[in-house]
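Please open the model in the viewer and keep the selection tool at hand.

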Amino acid sequence: MEQNQPNRITRRRFVGQASCAAVGSTAFFNSLLTLMLTGTASAHAVGQQDDYKALVCLFLPGGYDSFNVLVPSGEAGYAEYLATRSDVAIPRESLLSLSPLNSMLEMGVHPGMAELRTLFNARKAAFVANVGSLVKPTTKQDYWNGSGLPYGLFSHSDQIEQWQTSIPDSRAGLGWMGRLADLLAPSNAPSSVSMNISVAGNSLLQVGNTITPYVTNPWGAVGLDGYRDWHPSSGIITPAVDNMLAAEYQNVLQRTYNQMKRKSLDAYFEFRDATAGGLPSGVTFPDNYLGEQLKTIANVIAGRQTLGVKRQTFYVQWGGWDFHDEVLVNMSNMLPVVSKAVNAFYQAMVALGMENNVTLFTASDFGRTLTSNGRGTDHAWGGNHFVVGGGVNGGRIFGTYPSLVMDNPLDVGRGSLIPTTAVDQYAAELALWMGVPKSDLPLILPNISRFYSLTSAAKPIGFMK
Amino acid sequence: MRVQKRFGCWLLCATTLLGSSALAQGGSASAASQDLPDELRTDLSALLQAGDPVTITATAQDREVHERWGRPGTFVVRRTGGTGPVRVNYFLGGTSQRGVDYTTRSGNFIDMPSGVNEVFVQVFPREDRFIERPETIGFQIAPGTGYTVGSPASTTIRLNDWTERPTEEEAARFLIQAAYGADRETLNEVTRLGFQGWLKQQFSAPIGRTQPYITARIAAGLDTWHDQTKISIWQQVMKKRAGSSGPPPDALRQRVGYSLSQIFVVSQNMDALLVNSEGVANYYDGLMEHGLGNFRNLLEWVTMHPCMGMYLSHVGNRKANPQYNIFPDENFAREVMQLFTIGLWELNQDGTRKLVNGQPVPTYNNDHIRAFARCFTGFAFGGPNNNQFYWPQWEFRHPMKLYDIEHDLAPKTLLGGVTTPARAASDPDTGAAARADVKAALDNLFMHPNVGPFIGKQLIQRMVTSNPSPAYVSRVAAAFNNNGLGVRGDMQAVVRAILLDPEARRFEASQSSTFGKKREPYMVLWNLAKTFDAKAQSGKWDAISWMYDAILQEPLQSPSVFNFYSPSFRPFGEMTEQGLVGPEFQIMTAVTTLEALNMSLRGPDWGISRWIVEPPDRIVMALTDEQALAHDPDALVRSLASRMVGAPLNPRTFEIIRKAIAAMPAEGDGWRRARTTLAVYLTASSPEFNILR
């Protein structure tokens, strides 16, 4: 019987997936701000969408060292890079060169990311440089004065939270994909399964006023043990559970409990059945945890018509990237996993004919210090991220790739760089692509107008077509 | 007894309502049969001719009922054979008198509708002033048309006199509210001492502190990550009396402290506190100590504690220096008002909002926030190794220290126009000026009339019911305002008022359609563990770690200062329409709902844990007493309902669970354990268990 336990996971396996304890946490806020939103969110819901679109957030917890992912490879640029990064620099000759369409800079990617380079050069992927959490456009003077800074800079939990809420000047918020779903979920057919789906536990990113994520994992969604399953007493448990759910209760709380439980059970079966179809033959994923997670997401996308959805978001999280030690070795081991799995996911979307309808983007707590601590790198601020999909304005590097010279105007110490693009802008670009009207952006990203004029004809960053 | 006298009049009024109101609550089938349309009634005899021979029997779901705890007893009229409607005649007899000793539905027959196999006749004991000795209520199936009387044809329920001591079910219910569930040991204490007596015992029980375990780990060179505070709290919650002469475990204090940790929130999901379990445990122990002390001391403890200083960023808070664009941090100033003392709106003593021209009145504005933020300047880490404001060592086990050098000394205007004077910095810097301002600020908040209803209502919500009546809130607030000896903020008086209030204690009050609260998901684990004497062979509680992601709740692990849920959260649907709140529903998602239930099915065999943990660390529910009842499904359900739910099951639920148990084999390896496991699981998945009433 033991081997039949569907949710058998060992603690070691879990700990292996998470970089640190803070990562497993969900936040569930209920701020005044968002309460105010509740009334307006549904009223602003966009009209019927006739095409399918989905966002996939690949969160790299722990703060991945993204200045070793996107690296200047020209002579002068590399010299600056090498001078600052010293013993954590990647050899110039091993960098995989990019040919960006919008930049004269010579840039390369980490040698472990050949598939990502191929996608980039095929214009199916783009980079966004030096993104991070900001309360407002921020100078070094602001930093030294402590004026208008995100709470808990350089702390994992705070910066994870702020990448997910995009409200770094408040401890009370909901996730921006949650608020996105508050607006967009009405365009989906009524379903017990949430518009926001996580394959990596409850993430604050996906919690909205009216939305909680549906959480599944690669070895199956959570059902009720003994209810229509393998359990030896299932034939007894199932009718008993059904009869209790069907019974009438005079107490309102008891009735509410029963209704919510019924809905939970329905969601499980609806989800299980919608994802039972599998993927087209020939689609393969790497045999590792990230590959399995992305395969699960591909399965859900393949079942989108059964679920009756037009809009979905997905949350996937992999690795622990907090390498104060051995940053070079660990990145060399882990970045290929990311590159191969992301490429497999893109190819699966091609096989489903969905490559233009699904966009994957990365996020992480923060960038890491440019300078070495002798063994690794420490917590910093802005970092580089990539976006993959047919809807991406690919083959380009967006934002401002910063100077890597020490003590430059963005450097607040040890090569910790003030972001030149806010998470708000990054999220806004993706939200607009999902069909949110520009005028509704502040409902999702309350601080957006500090970075981007809503009357501007240009896109917030430009990386989406 | 005192309660009894005090509310005697109220009781009498309520008792007269019993016959009609409570009967309608007696389960869907009996209600449905009474409401049969007339046309169906007249057709009954014709329909009875059709179908298989019908045999009718009588059983009782309950063995006894009590005048003191006026919950009904339920007779079950059961049929075998046939599916059509049938009218069953019965007699009520025994030594008691119908309408005098108990009330019940009118008439001497009950209609069993088509397709229904059992209907229920409920009897409601009436409280009288007489000492009568136990009486019996006899129930007998009488002959009638269309059925034969089978065996058993009759049964009885015992009707007990009013007693001073609570019944077992009543005591279990009390312990689910006031402690961590009905373990045998504490259950016996409560039935022996009574509610008042037990509270008195608990007020003087020694504090079960959580810090020593963490300190010992540090001494042993072990880690003190965030899961260690959970383990330490479990040790305290699960501890038993050490020998018959040992002091009683401080279950009430533990529960009050835990409830307060959901108001005065600090969370180890913040990195700075994640590995500092010793300091967080120290904070938690203070909540337990002052939770049954005075609220003013509690507020001071919270304000001065470095864990709060770190969490709401007033440690290192400096006076304004506009030249460098430095202003006092307003984080703590805002939350101490919004969440810890007075809330956003001026309240009446009963917790309702004061209205001026139909509009609620804010308790404070931005000027107040700024004034309080200025009072809360000059905080730095304390302890024996820190003696200056700048560059202190992190220290979470000792209160913060105050320094005048970074304290705003200018006058401030607090709530209600109270002002603080201009102060002179002490020299040498003893922080005296800062201390005077902090005292003034906390006194100002403590004296605000909102505190009683604001804090009192939230504690009611944590322990008893989500939607207390204004009168209940008002009685608790009155106890806060004055403990009877002229003392404000006496938390023992507040806790006593919450737990002994008739709205918390009387059966009739619990039967309101809006009474109750959803059991907290984490409390489900504790309740199951406590009720069924769970433990690991190794004695360790490590297996309970890492629960947060599965059920979105774990002590000291809130996602934000706004706790796991908001006290004003309204679930969608009927509760929103009726204006009812249900805080705990906020973390009831498609996933957590089922995860929490699955743990109750796995608990007996696989242990209480997020993932399978191998022995000897597997925390296994014992189920010893219950297994002895496995051959008798009625007795098993009765026993589980009494201790797990602390209130009667809907007769329909009772039958569903009874039938499921009866369908399980009564032979072969481990059949007793299998039956009992299933019974625990189904009871734990019932709405009666999940909604405390």
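Select A:Arg228, which is placed in the loop of chain A between β7 (214-215) and α8 (234-246); helices (H or I, at least four residues) and strands (E, at least two) are DSSP runs, numbered from the N terminus. This is a predicted model, in which local features need pLDDT of at least 70, side-chain atom pairs count only at pLDDT 80 or more, and totals for chains, interfaces and linings use all residues; side-chain values use heavy atoms, with hydrogens and water left out. Residues are numbered from 1 along each chain as its sequence is written, while chains are lettered from A and ligands numbered from 1 in the order in which they are written.

Although A:Arg228 is not a glycine, its phi is positive, at about 50°. The relative accessible area of A:Arg228 is 47%, so the residue is partly exposed (buried means under 20% relative accessible area, exposed over 50%, partly exposed in between, with a 1.4 Å probe and protein chains only).

Next, select A:Arg123, in the chain A loop between α4 (114-121) and β5 (125-132). What is the phi of A:Arg123? The angle is near 65°, a positive value in a residue other than glycine. A:Arg123 counts as partly exposed because its relative accessibility is 46%.

Now turn to chain B and select B:Pro152, in the loop between β9 (148-149) and β10 (154-160). The peptide bond that leads from B:Ser151 to B:Pro152 is cis, and its omega is near 0°.

Finally, select B:Pro616, found in the loop between α25 (592-606) and α26 (624-627) of chain B. Here the bond to inspect is the peptide bond from B:Pro615 to B:Pro616, which is cis with omega near 10°.
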